[in-house]
Amino acid sequence: MQCGLLGEKLGHSYSPQIHALLADYGYTLFEKRPDEVEDFVRRGTWHGLNVTIPYKKTVIPLCDELSETAGSIGSVNTLLRREDGSIYGDNTDAFGFEMMLDSVLPGADLSKKKALVLGTGGAAATVCTVLRNRHAEVVSVSRTGDVNYRNIASQADAALIVNTTPLGMYPKNGEKAVDLSVFPRLAAVLDVIYNPARTALLLQAQELGIPYAGGLLMLVAQAKRSAEVFLGKILPDSEISRITALLSFEMQNLILIGMPGSGKSSIASLLAQRLGRQLCEADDEVERQAGMSIPEIFAKEGETGFRARETAVLDALGKQSGLVISTGGGCVTRKENYPLLHQNGTIIRLVRDIDKLAREGRPLSLHADLAQMAAVRNPLYERFADFTVENSGTPEETVNAILEVLHP
């Protein structure tokens, strides 16, 4: 049985990995130009296909039959070639979005609640249909529509915002369509993007204390429903949470912060080795890009120059996935570094007694009052960190403590 994903530019997709965890069939990425789609769908070698941007509407005329859901939405993301050669089109994104919605607003009554849907593409059509079926007052927001990004403040009574646009998607991390502070009544914010795990929109939702969800759960849930179409049998819903948790852990960066000399490099190295992950030393990358050592950078450019270089490095590393990253002790002194690290990462703070902190090769530590430095930085470490681990025993004990939190 040969299945796969049809799209124009697929890049790095998690769909093959998800389907490999769901069932035993081949799953291939099929990148096709618009002029190739019809021939591939009609005569290509495949049994089941997922369909993504920009072909969710293109394939509709190629289907011999549509599911009720696909027909009502006008968007198809799943194709099945049946035994008689006919093609059946379905929309499993609707199921995926329902799971995503229920993850933050379980059983919520959306009657008479205003929901803003950002975007007008295939994903937006699915989201709007699901929300209308939940009796929400749906308002579509586009660049040129009656409600657009220039007059969106007129919708300040919105209870829900769903982003279906690519704004904020890798590699254009940090972009967002709206400022959430304009909407004081928000009960939840959803973003169908899953890379990064937390878009700029979701990071602002977290900062404002608004419940939020990214697109990974939706991606896995729709894949599970697609697999059921391909196989002709029901799979347990528990597979959704299992695979989402597994992928979330594999995709997230593990980032170590803490005072200079607290052991971040040695713990990061051992942690990367234990998990089979790539190790990235932020300070080493700063030196590599600058072509000089950190003491030389401080001598020539001062701390301000070094911090600017450090932020640029953290920006690049934070966009990646599945890394172990050891940071410099002062990265927390620039608040703009937090979203760069947190967008795809779990931030782990290492603590060690002041008298055990190493000073050699650390320009700010060499002649500094470390107790005074710690008094200033400790609140910043606490603000950045997802959790804290004591690094006073052996490196193995510290790594075990980290893994115990990550996998309780």
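## Strand pairing

In strand 3, Leu6 has Val51 as its bridge partner. Strand 1 (residues 2–7) and strand 3 (residues 48–51) run parallel and are joined by 4 bridges; strands pair if DSSP finds at least two bridges between them. Strands (E, at least two residues) and helices (H or I, at least four) are DSSP runs, numbered from the N terminus.

An open sheet of 6 strands shows mixed pairing and the order 2-1-3-5-6-4. Its edge strands, strand 2 (26–31) and strand 4 (65–66), each pair on one side only.

## Basis of the model

This is a predicted model, in which local features need pLDDT of at least 70 and side-chain atom pairs count only at pLDDT 80 or more, while totals for chains, interfaces and linings use all residues. Residues are numbered from 1 along each chain as its sequence is written, and side-chain values use heavy atoms, with hydrogens and water left out.

Thr199 lies in the loop between strand 10 (188–191) and helix 6 (200–208). Thr199 has a relative accessible area of 1% and is therefore buried, a term for values under 20% (1.4 Å probe, protein chains only).

Beyond its neighbours within four places in sequence, Thr199 is in contact (heavy atoms within 4.5 Å) with Gly168, Asp191 and Ile193. The side chains of Thr199 and Asp191 are joined by a polar contact of 2.9 Å; a polar contact is a pair of N or O atoms within 3.5 Å, and within protein one must be able to donate a hydrogen and the other to accept it, with residues adjacent in sequence counting only if both atoms are side-chain atoms.

Definitions and conventions: Buried < 20%, exposed > 50% of the residue type's maximum accessible area, 1.4 Å probe, protein only.
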